[in-house]
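I opened my notebook beside the model today and jotted down what I looked up. Here are the entries, in the order I made them.

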Amino acid sequence: MSAIGFIGTGHIAAPMVRHLAAKGHEIVVTERNAEVSAALAAELGVGVSDAQGVIDRSEIVFLCLRPQIAEDVLSELTFRAGQMIVSVMAGIGVERLQVICAPAGDIVQTVPLGFVEKGGCPLAAHGDTDLLASLFEPENPVVPVASEAALDAHFAICAMVPGLLDLMATASGWLGARTGDADAAEFYTTQMMTGFLAAMDKGGAGRLAEERDALATEATLSLQMVQGLSNGGAHAALAETLQAIRSRLSGD
């Protein structure tokens, strides 16, 4: 088991803390988000300290700060040689992290979502993927990527999740308005999507299109939906937004 610290204790850090604590690791978190850190201490018995105290007590340090404040916070701290760094911060490259976190030089960048706590969250990762796998697999598969540019693209895909939820909320609201039962409408909409995706073979490229085409055959309601979204510009808007997010992260 490892001594693991978290700099930044918010909605992404907390599920990772719960997952790692359940595996028996010794965890200490910053008091930056006092409400979350206090809740984790009460629930799991994790330690709470200031940022330097977290670093001093940890072999592995997770950086979970908002990118716009990360450099100001981290530049005031002293890391040590041999420490391992896991960054979940978008928009701060590994070269900059190596400067900020020196002399600690073993760095991995990854893209978690909140359901990492429950398992099944794919962790795109650039850097020391073995470290990440030792902490999160087999519950959460680590997906190595070859470059920071590829990682930025995965960050963009993660941003698609609330976009899809937004579309599902629209659909659920539409259904609820026509059935008079908003709760059942949201359950049905959510369960239909989660059940379908859970049952789908996810073993290789092309499966999404195959499943789409199996449903959207000639003269079906499914084909009407696919064509309506395409004709309405949904796919073009998605591709443009993904590219805009990736460009924002890379500074293009």
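I looked up Pro 103 and found it in the loop between helix 5 (94-100) and strand 6 (106-110). For my element names, helices are DSSP runs of H or I with at least four residues, strands are E runs of at least two, and both are numbered from the N terminus. The bond joining Ala 102 and Pro 103 is a cis peptide bond, with omega about 5 degrees.

A note on what I am reading: this is a predicted model, where local features need pLDDT of at least 70, side-chain atom pairs count only at pLDDT 80 or more, and totals for chains, interfaces and linings use all residues. Residues are numbered from 1 along each chain as its sequence is written, and side-chain values use heavy atoms, with hydrogens and water left out.

I then found a cis bond from Glu 137 to Pro 138, with omega near 5 degrees. Pro 138 sits in the loop between helix 6 (129-136) and strand 8 (142-144).

Next came Ala 219, in the loop between helix 9 (207-215) and helix 10 (221-231). Its phi is positive, near 70 degrees, and Ala 219 is not a glycine. I flagged these spots because most residues other than glycine have a negative phi, and most peptide bonds are trans.

**Second largest pocket.** How much space lies in the second largest pocket? I noted about 900 Å³. A pocket here is an open set of points on a 1 Å grid over the protein atoms alone, where a 1.4 Å probe fits, with protein on both sides within 12 Å along at least five of seven lines; lining residues have an atom within 4 Å of a point. The volume is the space filled by probe spheres set on the points, which are joined across faces, edges and corners.

The lining has 28 residues, and His 11, Leu 65, Arg 66, Pro 67 and Val 88 are the closest to the pocket centre. Helix 4 (67-74), helix 7 (148-179) and helix 11 (234-250) each give two or more residues to this lining. Helix 7 has the largest share, 4 residues.

**Record check.** UniProt, in an unreviewed entry, lists residues 4-91 as "domain: Pyrroline-5-carboxylate reductase catalytic N-terminal"; such annotations may be inferred rather than shown by experiment. In the model, residues 4-91 are 40% helix and 23% strand, with the end C-alpha atoms 23 Å apart.
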